[in-house]
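Please keep the sequence and the structure in view while reading.

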Amino acid sequence: MTTHDKNTTSLTEQPAWKALEQHYKTIGTIHLRSLFADDPQRAERFSAEFDDIYLDYSKNRITAETLKLLINLAEECHLRDRIDAMFRGDKINITENRSVLHTALRAPRDAKIMVDGVNVVPEVHNVLDKMTAFADQVRNGEWLGFTQKPIRNVVNIGIGGSDLGPVMAYEALKHYSKRDMTFRFVSNVDGTDFTEAVHDLDAAETLFIVSSKTFTTIETMTNAHSARAWLIKSLGDEQAVSRHFVAVSTNTKEVEKFGIDTANMFGFWDWVGGRYSMDSAIGLSNMIAIGPHNFKLMLEGFLAMDEHFRSVPLGKNLPVIMGLLSIWYNNFFNAQTVAILPYDQYLKRFPAYLQQLTMESNGKRITLDGQVVNYQTSPIYWGEPGTNGQHSFYQLIHQGTKLIPCDFIGFAQTLNPAGVHHDMLMANFFAQTEALAFGKTREQVQAEGTADWLVPHRVFEGNIPTNTLLVKRLTPKTLGMLIALYEHIVFTQGVIWRVDSFDQWGVELGKILAKKISPELESETEPELKHDSSTNTLIRRYRKMKNK
């Protein structure tokens, strides 16, 4: 019996689920003002911390009973067993019959994690050692291009997890990066993305990292071939490819065919999904940017959160608490989205990274045993850095008609002290969670002398739930902890919803159809089209407009 077979009762028929439904009827309309007024110690009671991360979840529409019932649900869904199964290397990605071991990417060198009878940890560290040696060569100017110039520019070519993770981590850790080097990231098959990325670069000083497990991903390889053509045109010799391209891949044959020396090929494994891979060889561009030592510190942050998730009781476990709270709003309050609001400019790409991590993982409607769900799964994740978002979409969160739970992420220490900037930033950080929770009553507005006709417009209902993650400082280690935190939130959600969080069949159909349509767009003669009438008409219109 595999772990997912233990739940034979439908999720919505689970005793804990039914208890939560009844509990929601009791407290669903209670205001946070009342919850705080009734419990002077509420902030202490509903908080948890680990290392340099402090989680205040007191501004959630919950009581101690809510938390108890949510933990009961986790226990009924065998969350602890499923956590153990993942860390053990069981093949919990059942639709692809694979282990799920992104946690092995940051395991210590002496750890032992078995997959099909093989300890995978030595393989992981072999790749990390190879990455370290290469990154040091590039950073120290020892790796020379075809014309004997050192590398000053690195362009990462990938898509999905091969792009979103590296670009997010580069931006997040820019403070620690090698500032006399330029790093660019190309993902979109739109030619503009590649053209702009290399526009001001000297080919003789540019290294391309092509990240594709199969080395056949159409968007990545289209960009890679454009990069190859650009380089050869600039340097005038195909032999230059081997000094200006490296591969993160498992397909030796295709890498060699492209012209990349397979000695400069960095591998990874099918037990790592793309959106969980940024701490593997997919992060080579990051290691070059921030250096092997800082990359190692980031891995230590991942590992620390892994061990927290694996060992700490559910009621004090940061990923478990946040994962269960998201289920509380998604499935009982019918909240459709979650806003991720980092109050640090370096984390500007963090919401975009989390979009793939969360929605590609849990955007599913079929359970592990093949049944259609009768409940909502992943909410939509979105967001922008504060304070920019305050002058953009916060209006809707404060006074709109949709309930939007929010995660606020802020840092006690800034990496760039500049007068009052950081205190001003954090004043907004604290003010927003206070305003969202408590709002402003009609009586308060009237007491300010507001004209009667204007009063309704200036009332804030409040009662908007927030989590506040207050972190000491943005470092490679704390970034690793934050990423792993959300990885394990996703895992917790997936266990409760009974979906496979580690496949992504939903991205396949569009790819297949695009391969069929591409030659129809490129054909010099009018192709015979066999799509629906809308698609046929659009293709004909495109061909006509393109060729005018």
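## The lining of the largest cavity

In this predicted model, four elements each give at least two residues to the lining of the largest cavity: α14 (318-332), β12 (406-413), β13 (466-473) and α19 (476-497). Helices (H or I, at least four residues) and strands (E, at least two) are DSSP runs, numbered from the N terminus. The largest share, four residues, comes from α14.

The lining has 16 residues in total, and M322, S326, V338, D407 and N467 lie nearest the centre of the cavity. By type, ten of the lining residues are nonpolar, five are polar and one is charged. Here Ala, Val, Leu, Ile, Met, Phe, Trp, Tyr, Cys and Pro count as nonpolar, Asp, Glu, Lys and Arg as charged, and the others, Gly among them, as polar.

## Cavities in the whole structure

The largest cavity has a volume of about 130 Å³, and a search of the whole structure finds three cavities of 30 Å³ or more. A cavity is a set of points, on a 1 Å grid over the protein atoms alone, where a 1.4 Å probe fits but cannot get out; lining residues have an atom within 4 Å of a point. Grid points are joined across faces, edges and corners, and a volume is the space filled by probe spheres set on the points.

The second largest cavity has a volume of about 50 Å³. Its lining is formed by R82, I92, L368, F491, G494, V495, V499, D500, S501 and F502. Helix α19 supplies the largest share of this lining, three residues. Six of the lining residues are nonpolar, two polar and two charged.

## A pair of parallel strands

Strands β5 (residues 153-157) and β6 (residues 182-186) pair in the parallel sense over five bridges; pairing requires at least two bridges found by DSSP. Between β5 and β6 the chain passes through helix α7 (residues 161-172), and this β-α-β crossover is right-handed. Right-handed means that, with the strands pointing away from the viewer, the path from the first strand over the helix to the second runs clockwise.

## Residue N536

Leaving aside neighbours within four places in sequence, N536 is in contact (heavy atoms within 4.5 Å) with L529, K530 and H531.

## Notes on the model

Residues are numbered from 1 along each chain as its sequence is written, and side-chain values use heavy atoms, without hydrogens and water. Local features need pLDDT of at least 70 and side-chain atom pairs count only at pLDDT 80 or more, while totals for chains, interfaces and linings use all residues.

Key
1 Å grid on protein atoms, 1.4 Å probe; cavity = no way out; pocket = protein on both sides within 12 Å on 5 of 7 lines; lining within 4 Å.
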